[in-house]
Amino acid sequence: MDSREPKRESLHDKLQLLRSITNSHAINDTSIIVDASNYIKELKQKVERLNKDVANTSNQNSWPQVTVKTLEKGFLVNVYSAKSCSGLLVSLLEAFEELGLSVLEARVSCKDTFHLQAFGGGENEEDEENYINAQMVKQTISDAIKNWNGSNEQD
């Protein structure tokens with residue numbers, strides 16, 4: 001009987017530790033184990049949700065980032081993606097053309113990442129009927145990226 005007592009105390013201590021870790025209010029040993037099992041299931045669900053969130057975030061981060069600044073005589077457009085984007089430059093230049101903007105100066109890098117920095121100006125800047133603002137430029141470029149992405153997914 002003496003050898004069983006330390007084992008029983010050790011088991012009791014471990015169950016009490018498990019009870020405190022899992023925030024269980026159970027008194028008997030079986031209920032503590034059931035609560036611990038439920039706690040583990042909840043943790044697994046949380047991990048799955050977090051993994052999905054991380055996957056969604058990384059997908060969003062791979063989407064090209066677009067910024068447009070209005071300058072005195074045109075717009076400064078920056079498009080950046082952490083990955084190379086084959087064919088994106090053509091889509092962006094077509095978007096500039098659609099807006100009636102001429103690319104006056106541009107820097108492009110397409111090797112491991114994609115980065116376009118372009119200065120564009122329009123011929124009709126004083127014409128209020130054909131006035132283009134930074135939001136319109138950003139929206140048109142974003143649409144071009146979406147169209148480019150859709151055509152790449154089909155390939």
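**Figure 1. The largest nonpolar core of the predicted model contains 20 residues.** The residues with the most contacts inside this core are Phe 75, Val 77, Val 79, Leu 92, Val 137, Ile 141 and Ile 145. At least two core residues come from each of strand S1 (65-71), strand S2 (74-81), helix H3 (88-99), strand S4 (114-122) and helix H4 (134-154). The most is given by H4, which supplies five residues. The structure shown here and in the following views is a predicted model.

**Figure 2. Surroundings of Phe 75, one of the core residues with the most contacts inside the core.** Neighbours within four places in sequence are left aside in this view. Phe 75 is then in contact with Val 68, Lys 69 and Thr 70, and also with Leu 101. Further contacts of Phe 75 are formed with Ala 118, Phe 119 and Gly 120.

**Figure 3. The whole protein chain, with four helices and four strands.** Along the sequence, the order of these elements is α-α-β-β-α-β-β-α. The protein chain has 155 residues, of which 25% are buried. Of the contacts between residues at least 6 apart in sequence, 54% join residues at least 24 apart. The accessible surface of the chain is about 11400 Å², and carbon and sulfur atoms account for 50% of this surface.

**Figure 4. Helix H3 and its two sides, buried and exposed.** H3 consists of twelve residues. From its first C-alpha to its last, H3 reaches 17 Å, close to the 16 Å expected at 1.5 Å a residue. Within H3, the buried residues include Leu 88, Ser 91, Leu 92, Ala 95, Phe 96 and Leu 99. These residues lie on the same side of H3 because they cover an arc of only 145° around the axis. Glu 94 and Glu 97, on the other side of H3, are exposed. Just after the helix comes Gly 100, with a positive phi of about 80°.

**Figure 5. Pairing of strand S4 with strands S2 and S3.** S2 and S4 run antiparallel and are joined by seven bridges. In this pairing, Ser 81 stands opposite Phe 114 in S4. Strand S3 (residues 101-109) also runs antiparallel to S4, and eight bridges join these two strands. Arg 107 is placed opposite Gln 117 in S4.

Figure 6. H1 has 18 residues, and the span from its first C-alpha to its last is 26 Å, close to the 26 Å expected at 1.5 Å a residue. H1 is followed by Asn 23, which has a positive phi near 55°. Is Ala 26 buried or exposed? Ala 26 counts as buried because its relative accessibility is 11%, and the cut-off for buried is under 20%. Not counting residues up to four places away in sequence, Ala 26 touches Arg 19, Ser 31, Ile 32 and Asp 35. Gln 16 is ten residues from Ala 26 along the chain, and the C-alpha atoms of these two residues are separated by 9.9 Å.

Notes: Residues numbered from 1 in each chain as written. Predicted model: local features only at pLDDT ≥ 70, side-chain atom pairs only at ≥ 80, totals over all residues. Heavy atoms only, no water. Buried < 20%, exposed > 50% of the residue type's maximum accessible area, 1.4 Å probe, protein only. Contact = heavy atoms within 4.5 Å. Areas by Shrake-Rupley, 256 points an atom, 1.4 Å probe, with all protein chains shown as cover. Core = buried A, V, L, I, M, F, W, Y, C linked by side-chain atoms within 4.5 Å. Expected span 1.5 Å × (residues − 1). Arc of directions from axis to C-beta. Pairing = 2+ DSSP bridges.
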